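Me: I'd like to learn how to read helix packing and overall chain shape from a model. Can you take me through it?

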Amino acid sequence: MKFYKPTSLPSLFQFIETVENKKYFLAGGTDINVQIKNGMIKDGTVIFINHLQELKGIRKVNNDIIIGALTSYQDILKSDLIKSHLPWFGKSLRFFASPQLQSMATIGGNIANGSPTADVLPLLLVLDARLKIMAKSKIREVPCNEFFTGYKKNILKRNELIGAVMIPMNAEQDYQIYYNKVASRRALTIAKLALAGMMKIKGGKIEQIKLGAGALNEYPRRLKSVEEYLTGKQIDRIEVLGIEDILKSEITPISDLRSEKEYRFQVTLNLIIDFINAQKNN
Amino acid sequence: MKISFNLNGKDISLETDPMRRLLDIIREDLGLKGTKESCGEGECGACTILLDGKPVTSCIVNAIHAEGKKIQTVEAIAQTLEGKLLIECFDEANAVQCGFCFPGFLVAAYYYLISDGEPELKKIKNALSGNICRCTGYTKIFEAVINACHRKNEIRG
């Protein structure tokens, strides 16, 4: 394996224009090192980026909270900006991994790595987060829910890198919120299923609902058909069978060593109902 | 590649593969065997060290990550006031059985003691959630850390 450590962001972009073979960005390294250990990565070019300060930190710009791609989860958890503007997002991060992994793991790495079980994505999907994607002389913004195209596949071109995650400052305001990660133990665990939900209710009716599922399909995504089905419905007159039918046609659950697809389907349904029931009681 | 860092107060500079695991550098190159390897995938916490004051699992940290950083291993932590208190409290609570996970627990508990230190079970459970013990069942470990928090508060007055 070849190794490269750029001295700055511009020199990084200069360099990646020249790399023809498979390349890996090394940020916090919490997942790539496990892949290396298990022989899943044998050759290619490793580009170290974790020292690039330009891609670190949390700022408020206009109406967005901007989190640099190389910001660690520990820094996000400790951030006063996150605590005051996106408290639900901040609190939900506590269910991620462990203090040791939170010190190293970065939000950009979590997204780019593209695991279907990536903890942060269900949250980012319902918060309408956008990704700032950078290349040598171009920056573009892409909504999180348009980033993935398949299992571990995304829209990044070979000379591009995720620079930052942008979340609207008021994304949580006026919403009922829900986050549940189902796994074999509470701490230090990989999700069997994760559901993030946001809902607006007016006059007993669901005015708007957003559902982001992780560890369910080939990549984390919104449950758009279920959202459409539920929108406008009276909250206390929702039929489980109706959701079940729509959900069945919408999702393509994965089976892996953690869970079978039938289990994932049932748990997703249960969590959606749990979210709805919690609002009924409010 | 040349990598330089400060280990337990001493400046170190060595020539190594930048992708090598920090755990191997600490144990093999520098001979500090207190840091243990168990799962090798960042899931058990046996290899926990402090990197720039934050707990990390050194089995999934690369040499390059240590460049210019401050590393504290269990050997140095055991000599601190908090380290000594923790060892005393783990001993009294019989919180160590086979002992293999203990260095990692000591580092994680030390970080909790210096960064928070409130004798609250829920917080302590969270602080130690990255460490796995297969002998004791955790109850005595939590008890030991709660006692160490109380004792540190007493010392502080």
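Me: At what angle do helix H3 and helix H4 of chain B pack, and how far apart are their axes?

Reply: Two numbers describe a packed helix pair: the angle between the axes and the distance between them. This model is predicted. In it, H3 (residues 81-92) and H4 (residues 102-115) of chain B pack at about 125 degrees. Their axes lie 10 Å apart. The angle makes H3(B) oblique to H4(B).

Me: Is the crossing of H3(B) and H4(B) left-handed or right-handed?

Reply: Right-handed, for H3(B) and H4(B).

Me: Which residues in H3(B) and H4(B) meet?

Reply: H3(B) contributes Glu82(B), Gly83(B), Leu86(B), Ile87(B) and Phe90(B). From H4(B) come Phe102(B), Phe105(B), Leu106(B), Ala109(B), Tyr110(B), Leu113(B) and Ile114(B). By class, the contact has ten nonpolar residues, one polar and one charged.

Me: Now chain A. What is its secondary structure?

Reply: Chain A has eleven helices and 14 strands. Its radius of gyration is 19 Å, close to the 19 Å from the globule rule for 282 residues, so chain A is as compact as a globular protein of that length.

Me: What box do the C-alpha atoms of chain A fill?

Reply: Roughly 60 × 45 × 30 Å, along the principal axes.

Me: What share of chain A is buried?

Reply: Of the 282 residues in chain A, 54% are buried. Here buried means under 20% relative accessible area.

Me: And what share of the chain A contacts join residues at least 24 apart?

Reply: Count contacts between residues at least 6 apart in sequence. In chain A, 61% of those join residues at least 24 apart.

Conventions: Residues are numbered from 1 along each chain as its sequence is written. Chains are lettered from A and ligands numbered from 1 in the order in which they are written. This is a predicted model: local features need pLDDT of at least 70, side-chain atom pairs count only at pLDDT 80 or more; totals for chains, interfaces and linings use all residues. Side-chain values use heavy atoms; hydrogens and water are left out. Axes are lines fitted to C-alpha atoms, for helices over the stretch in contact, and angles run from 0 to 180 degrees between N-to-C directions. Helices (H or I, at least four residues) and strands (E, at least two) are DSSP runs, numbered from the N terminus. Angles under 35 degrees count as roughly parallel, over 145 as roughly antiparallel, 65 to 115 as roughly perpendicular and the rest as oblique. A crossing is left-handed if the near helix is turned anticlockwise from the far one by less than a right angle, and right-handed if clockwise. Contact means heavy atoms within 4.5 Å. Ala, Val, Leu, Ile, Met, Phe, Trp, Tyr, Cys and Pro count as nonpolar, Asp, Glu, Lys and Arg as charged, and the others, Gly among them, as polar. The radius of gyration is taken over C-alpha atoms; the globule rule is 2.2 Å times the number of residues to the power 0.38. Buried means under 20% relative accessible area, exposed over 50%, partly exposed in between (1.4 Å probe, protein chains only).
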